[in-house]
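Q: Please take a close look at one part of this model. I would like to know how its longer elements pack together, and then a few single positions.

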Amino acid sequence: MSKNVKNIEKVLKSIKKFGIDAEKTIDDITGANALEIAKNSKQRVPKDKGKLAQSIYSNKEAEMFYSIIVGLDYGAYIEFGTGKQVQVPSELKELASSFKGGKGSFKDGLESIKDWCRSKGIDEKAAYPIFMSILDKGITPQPYLYPSLVQGRKQYLKDLKDYLKELTNKYNK
């Protein structure tokens, strides 16, 4: 998360001067913020059966480095939209491009729409025209992860600056 936060390197460098205990606290702050981003993403994500929300979690990759995982492939299509309606924030273009083209077959997609129809009490005969409309027009993006990331980055930098101020006050007494 830290590589995407403006001015973060300067703040981290200042905190690290206070030693190993400070680095442990940085890791704790980073982990807490990653958990919060995951939690906010789960709250924002559109829910049908709740599987997408359940697939979102934070993962510690290394000391002071966490990632937010969306465990279902279709999460990217919900986040960015599909077809003509794709909208990707510039800083996520590289990530989004890895989802281009889809991975499923026509048959799989149609079956997914049939399942959705059944769950909503819609006649399965409507699945084919619905699916064709999706293929033609795309689906509207419903961002859940990116807004949580933007919010979380602001809080992360604030938390680190607050901790640096606390350390500075503690050692300047």
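A: Start with a cut-off: angles under 35 degrees between axes count as roughly parallel, and angles over 145 degrees as roughly antiparallel. The model is predicted.

Helix α8 covers residues 145-171, and helix α1 covers residues 8-16. On the α1 side, the contact uses Ile8, Val11, Leu12, Ser14 and Ile15. On the α8 side, it uses Tyr156, Leu157, Leu160, Lys161, Tyr163, Leu164 and Leu167. By class, the contact of α1 with α8 has 10 nonpolar residues, 1 polar and 1 charged.

Now the length of α8. It has 27 residues, and at 1.5 Å a residue these should span 39 Å. The end C-alpha atoms of α8 are 38 Å apart, which agrees.

Next, α2, which runs over residues 20-44. The axes of α2 and α8 come within 9 Å and cross at roughly 155 degrees. That angle makes α2 roughly antiparallel to α8. The crossing of α2 and α8 is right-handed. From α2, the residues that meet α8 are Asp21, Ala22, Thr25, Ile26, Ile29, Thr30, Asn33, Ile37, Asn40, Ser41 and Arg44. From α8, the partners are Leu145, Pro147, Ser148, Leu149, Gln151, Gly152, Gln155, Tyr156, Asp159, Leu160, Tyr163 and Leu167. The contact of α2 with α8 divides into 11 nonpolar, 9 polar and 3 charged residues.

Helices α1 and α2 also meet. Their axes come within 8 Å and cross at roughly 140 degrees. α1 and α2 are therefore oblique to each other. Leu12, Ile15 and Lys16 of α1 make this contact with Ala22, Glu23 and Ile26 of α2. The contact of α1 with α2 holds 4 nonpolar and 2 charged residues, and no polar ones.

Back to α8 and its buried side. The buried residues of α8 are Tyr146, Ser148, Leu149, Gly152, Arg153, Tyr156, Leu157, Leu160, Tyr163, Leu164 and Leu167. They pack against α1, α2 and α4, where α4 is residues 75-80. Among these buried residues is Leu160. Leu160 is in the contact with α1, and Leu160 is also in the contact with α2.

Now the single positions. Glu36 lies in helix α2. At 36% relative accessibility, Glu36 counts as partly exposed. Glu36 and Gly81 are 45 residues apart along the chain, and their C-alpha atoms are separated by 24 Å.

Gly83 sits in the loop between α4 and α5, the latter being residues 93-97. Its relative accessibility is 55%, so Gly83 counts as exposed. Gly83 and Lys100 are 17 residues apart in sequence, with 9.5 Å between their C-alpha atoms.

Last, Met64. This residue is in the loop between β1 (56-62) and β2 (65-70). Met64 has a positive phi of about 65 degrees, although it is not a glycine. With 16% relative accessibility, Met64 counts as buried.

Definitions and conventions
Residues are numbered from 1 along each chain as its sequence is written. This is a predicted model: local features need pLDDT of at least 70, side-chain atom pairs count only at pLDDT 80 or more; totals for chains, interfaces and linings use all residues. Side-chain values use heavy atoms; hydrogens and water are left out. Helices (H or I, at least four residues) and strands (E, at least two) are DSSP runs, numbered from the N terminus. Buried means under 20% relative accessible area, exposed over 50%, partly exposed in between (1.4 Å probe, protein chains only). Axes are lines fitted to C-alpha atoms, for helices over the stretch in contact, and angles run from 0 to 180 degrees between N-to-C directions. Contact means heavy atoms within 4.5 Å. Ala, Val, Leu, Ile, Met, Phe, Trp, Tyr, Cys and Pro count as nonpolar, Asp, Glu, Lys and Arg as charged, and the others, Gly among them, as polar. The expected span of a helix is 1.5 Å times one less than its number of residues. Angles under 35 degrees count as roughly parallel, over 145 as roughly antiparallel, 65 to 115 as roughly perpendicular and the rest as oblique. A crossing is left-handed if the near helix is turned anticlockwise from the far one by less than a right angle, and right-handed if clockwise.
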